[in-house]
Amino acid sequence: MSECLFCKIIGREIPTDFVFEDQEVVAFKDINPQAPLHLLIVPRKHIETVNVLTPEDAPLISRMILAARDLAKRFGVAQSGYRLVVNVEKGGGQEIFHIHMHLLGGWC
Ligand code: 5GP
Ligand code: ZN
């Protein structure tokens, strides 16, 4: 069994409401929001950090960004604006070593 928190969330071991899911990507609200809207966009595939991405992962990363774009629209922040953030390694603020993108918005 994986010890990865996000793998547990994706595997429904830890109950979490998904605001979006498809075959490759899920999204859910951050448990400790840093903005009025704070979503996490997470690939189902366990990839530890941006540093270990391969060229084969390129379509997956595109899907994450497009999912974020769609979620921003659905949650009403597309026009006001939002931030997409990927923290890389401990010095970059990464706490969960399963790659993910933060969608932050809703300040105005
Ligand atoms: P990182 O610092 O790795 O870029 O971001 C990890 C994020 O995951 C943090 O913003 C943190 O609040 C969030 N997080 C940690 N544990 C949980 C959890 O159990 N559920 C949810 N929904 N978010 C979590
Ligand atoms: Zn994982």
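Student: In this predicted model, what is the geometry of the site of the zinc ion (ligand 2)?

Tutor: The zinc ion (ligand 2) has four donor atoms, and the angles among them are 106 to 118°. Four donors count as tetrahedral if all angles lie between 85 and 135 degrees. The ideal value for four such donors is 109.5 degrees. The site of the zinc ion (ligand 2) is therefore classed, with its angles of 106 to 118° and the cut-offs of 85 and 135 degrees, as tetrahedral.

Student: Which residues are the protein donors of the zinc ion (ligand 2), and through which atoms?

Tutor: The donor residues follow the sequence spacing C-x2-C-x38-H-x51-H. Cys 4 lies in the segment before α1 (5-10) and His 46 in the loop between β3 (37-43) and α2 (58-74), so that this pair, 42 residues apart, links distant parts of the chain. At 2.0 to 2.3 Å from the zinc ion, the donors are Cys 4 (SG), Cys 7 (SG), His 46 (ND1) and His 98 (ND1).

Student: Is Cys 4 buried or exposed?

Tutor: A residue counts as buried when its relative accessible area is under 20%. His 46, at 35%, is partly exposed. Cys 4 has a relative accessibility of 11%, and because this is under 20%, Cys 4 is buried.

Student: How many residues of β3 are buried?

Tutor: In a regular strand, side chains alternate between the two faces of the sheet. From β3, Leu 37, Leu 39, Ile 41 and Pro 43 point one way, while His 38, Leu 40 and Val 42 point the other way, and all are buried. The strand is thus largely enclosed by the rest of the structure, the number of its buried residues being seven of the seven.

Student: Which residue of β5 (101-105) stands opposite His 38?

Tutor: β3 pairs with β2 (25-29) in the antiparallel sense over five bridges, and Val 25 stands opposite Pro 43 in β3. β3 and β5 also pair in the antiparallel sense, over five bridges. Opposite His 38, the residue in β5 is Leu 104.

Student: Which element supplies the largest share of the lining of the largest pocket?

Tutor: The largest pocket has a volume of about 510 Å³. Of its 24 lining residues, the closest to the centre are Asp 30, Ile 31, Asn 32, Leu 40 and His 102. At least two lining residues come from each of α1, β2, β3, β4 (82-85) and β5. The largest share, three residues, comes from α1.

Student: How many residues in the lining of the largest pocket are nonpolar?

Tutor: The lining includes four charged residues and nine polar ones. The number of nonpolar residues is 11.

Notes. Residues are numbered from 1 along each chain as its sequence is written. Chains are lettered from A and ligands numbered from 1 in the order in which they are written. This is a predicted model: local features need pLDDT of at least 70, side-chain atom pairs count only at pLDDT 80 or more; totals for chains, interfaces and linings use all residues. Side-chain values use heavy atoms; hydrogens and water are left out. Donors are N, O and S atoms within 2.8 Å of the metal (3.2 Å for Na, K and Ca); water is not among the atoms, so sites may look incomplete. Four donors count as tetrahedral if all angles lie between 85 and 135 degrees; four count as square planar and six as octahedral if opposite donors are over 155 degrees apart and all others between 65 and 115; anything else is irregular. Helices (H or I, at least four residues) and strands (E, at least two) are DSSP runs, numbered from the N terminus. Buried means under 20% relative accessible area, exposed over 50%, partly exposed in between (1.4 Å probe, protein chains only). On a 1 Å grid over the protein atoms alone, a cavity is a set of points where a 1.4 Å probe fits but cannot get out, and a pocket is an open set with protein on both sides within 12 Å along at least five of seven lines; lining residues have an atom within 4 Å of a point. Grid points are joined across faces, edges and corners, and a volume is the space filled by probe spheres set on the points. Ala, Val, Leu, Ile, Met, Phe, Trp, Tyr, Cys and Pro count as nonpolar, Asp, Glu, Lys and Arg as charged, and the others, Gly among them, as polar. Two strands pair if DSSP finds at least two bridges between them.
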